[in-house]
Amino acid sequence: MGLDMYLLSAPKIDGMNLEQVLLANGRFHQLEEGDERYKLVKPYIKHFEEFGHKWSSMLEEVAYWRKANQIHNWFVENLNDGTDEPVFTVEVTKDQLKELYKLCIETLTKHTHHMIDYRQGQVVFSAALPMMITITKNLTERNRY
């Protein structure tokens, strides 16, 4: 079993909950230009290009990590009612991410103090660590899940 996990940011769209936004994200290319749903989601569609590959999405990747069993377990226990499914999508609040970040910093500080470098108010971890969490400006944007 792989432990690759992605943290995605989705727009908050009036009249739609997260499930509806995720569903629309997978289907907006099927909507017609005059369709009411298309008019609703069109402002939130972003266009990406990486390594010669282009795609459109309303979702943005905020973070990616792998092989971090304890972080995976935190999401299972705290956000997915203890159910470890092969693939699950749950809403994560900014406060929950702050809590997870704090736990990771505390754990890393206790066990790897010699590998931590403090620079300009940021904590930078050595590449030797199995994971690194980055909280980006996307997490502070308003009107996003």
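A contact is defined here as heavy atoms within 4.5 Å. On that basis, residues 24 or more positions apart account for 58% of the contacts with a separation of 6 or more in the protein chain. The structure is a predicted model, in which local features need pLDDT of at least 70 and side-chain atom pairs count only at pLDDT 80 or more, whereas totals for chains, interfaces and linings use all residues. Residues are numbered from 1 along each chain as its sequence is written, and side-chain values use heavy atoms, with hydrogens and water left out.

Helices (H or I, at least four residues) and strands (E, at least two) were taken as DSSP runs and numbered from the N terminus. The protein chain has four helices and six strands, arranged along the sequence as β-α-α-β-β-β-α-α-β-β. Its accessible surface, calculated by the Shrake-Rupley method with a 1.4 Å probe and, for residues, with only the protein chains shown as cover, comes to about 10,500 Å², of which 49% belongs to carbon and sulfur atoms. Of the 145 residues, 31% count as buried, where buried means under 20% relative accessible area, exposed over 50%, and partly exposed in between (1.4 Å probe, protein chains only).

A nonpolar core is a set of buried Ala, Val, Leu, Ile, Met, Phe, Trp, Tyr and Cys residues joined through side-chain atoms within 4.5 Å. In the largest such core, which has 16 residues, Leu7, Trp65, Ile71, Phe75 and Leu100 touch the most other members. Strands β1 and β4 (60-65) and helices α3 (69-79) and α4 (94-112) each supply at least two residues of this core, with α3 giving the most, namely five residues. A second, separate core of twelve residues includes Ile13, Phe28, Ile45 and Leu59.

Aromatic pairs were assigned to rings of Phe, Tyr and Trp (its six-membered ring) with centres within 6.5 Å, planes under 30 degrees apart counting as stacked, over 60 as edge-to-face and the rest as tilted. Four such pairs are found in the whole structure. Phe48 and Trp55 are stacked, at 5.5 Å centre to centre and 20 degrees between the planes; Phe48 is partly exposed at 25% relative accessible area, as is Trp55 at 35%. The rings of Trp74 and Phe75 have centres 5.2 Å apart and planes at 90 degrees, and the pair is therefore edge-to-face. Both Trp74 and Phe75 are buried, and together with Trp65 they form one aromatic cluster.

Three salt bridges, each a side-chain nitrogen of Lys or Arg within 4 Å of a carboxyl oxygen of Asp or Glu, are found in the whole structure. The side chains of Asp4 and Arg66 meet at 3.8 Å, N to O; because Asp4 lies in the segment before β1 and Arg66 in the loop between β4 and α3, this pair ties together parts that are 62 residues apart in sequence. Lys46 and Glu60 form a salt bridge at 2.6 Å, N to O, and since Lys46 lies in strand β2 (residues 46-50) and Glu60 in strand β4, the pair ties together parts that are 14 residues apart in sequence. Lys46 is partly exposed at 30% relative accessible area, whereas Glu60 is buried at 12%. The closest N and O atoms of Lys39 and Glu36 are 3.5 Å apart, and these residues, three apart in helix α2 (residues 36-41), are separated by about one helical turn.
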